[in-house]
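Here are some brief comments on this entry. Please read them with the structure open.

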Amino acid sequence: MSPAFLLGTALAILFAVSLSLYRVLRGPTIIDRLVGVNVIGTKTITVIVLTGFLFERPEFFIDIAFLYALINFIGALALSRYFERKGVEHGAAR
Amino acid sequence: MTAVSMLLVSLGVFFLVAGAVGLIRFPDFYTRMHAAGKCDTLGSLLVLTGLAVHQGLDLASVKLIIVAVLIFVTSPTATHAIARAATRNQVPWWTREGSR
């Protein structure tokens with residue numbers, strides 16, 4: 001697999017991250033922003049693994065991606081439990 | 001082998017970008033959750049599996065499969081937790097104008 005293909009893949013995923021960032025910045029409710037952050041975290045895991053293959057030392061970067069997946073999961077669970085307890089303010093549906 | 005892994009990675013990138021477009025375009029919270037949860041899980045699973053196929057059988061590919069299994073378990077769990085928080089707080093549903 002050529003480095004150009006890996007780089008193009010990573011750039012396409014980063015484009016998807018920038019699309020999700022729109023939802024984080026402009027979500028109507030706090031929980032829309034939470035979904036956006038979760039999606040960006042999952043995409044970041046794949047970008048980290050692709051970076052490892054691009055630099056030709058995948059083992060270390062896969063460990064970092066594993067840690068990032070765990071932190072993303074714990075963060076999403078903790079924030080969703082917190083907002084479930086605290087309440088979500090919601091105005092218009094759009 | 002390289003063709004199979006490139007096909008898997010390209011499919012995964014397609015699903016990731018489609019999920020992001022759905023996250024922007026859908027009209028209310030639950031439909032956005034629908035796009036984000038499933039497309040994200042399948043897309044990262046396909047990318048990681050394609051890279052593992054490219055790597056062949058060694059320590060790195062075993063670690064990649066472990067990360068893929070972790071994402072396959074944790075991402076739907078996080079999606080479920082967020083959707084439950086929204087449902088318990090009665091975030092409004094999208095309805096077509098004039099249907100009620």
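This is a predicted model: local features need pLDDT of at least 70, side-chain atom pairs count only at pLDDT 80 or more; totals for chains, interfaces and linings use all residues.

**Notes on the two chains**

1. In chain A, 40% of the 94 residues count as buried.

2. Fold of chain A. The chain has 3 helices and 0 strands. The order along the sequence is α-α-α.

3. Overall dimensions. Chain A has a radius of gyration of 16 Å, whereas a compact globule of 94 residues would be near 12 Å. Its C-alpha atoms fill a box of roughly 50 × 25 × 15 Å along the principal axes.

4. Contact range. Take the contacts in chain A between residues at least 6 apart in sequence. Of these, 56% join residues at least 24 apart.

5. Helix 3 of chain B. This helix covers residues 59–88, 30 residues in total. From first C-alpha to last it reaches 43 Å, close to the 44 Å expected at 1.5 Å a residue. B:Q90 follows helix 3 of chain B and has a positive phi, near 55°.

6. The interface. How many residues does each chain bring to the contact? Chain B gives 45 residues and chain A gives 43 residues. On the chain B side, helix 1 (2–25), helix 2 (29–55) and helix 3 each supply at least two residues. Helix 3 of chain B provides the largest share of that side, with 16 residues.

7. The side of chain B that touches chain A has 30 nonpolar residues.

Note on methods:
Residues are numbered from 1 along each chain as its sequence is written. Chains are lettered from A and ligands numbered from 1 in the order in which they are written. Helices (H or I, at least four residues) and strands (E, at least two) are DSSP runs, numbered from the N terminus. The radius of gyration is taken over C-alpha atoms; the globule rule is 2.2 Å times the number of residues to the power 0.38. A residue is buried if 20 or more other C-beta atoms lie within 10 Å of its own, exposed if 12 or fewer, and partly exposed in between; C-beta atoms are placed from the backbone. Two residues are in contact if their C-beta atoms, placed from the backbone, lie within 7 Å. The expected span of a helix is 1.5 Å times one less than its number of residues. Ala, Val, Leu, Ile, Met, Phe, Trp, Tyr, Cys and Pro count as nonpolar, Asp, Glu, Lys and Arg as charged, and the others, Gly among them, as polar.
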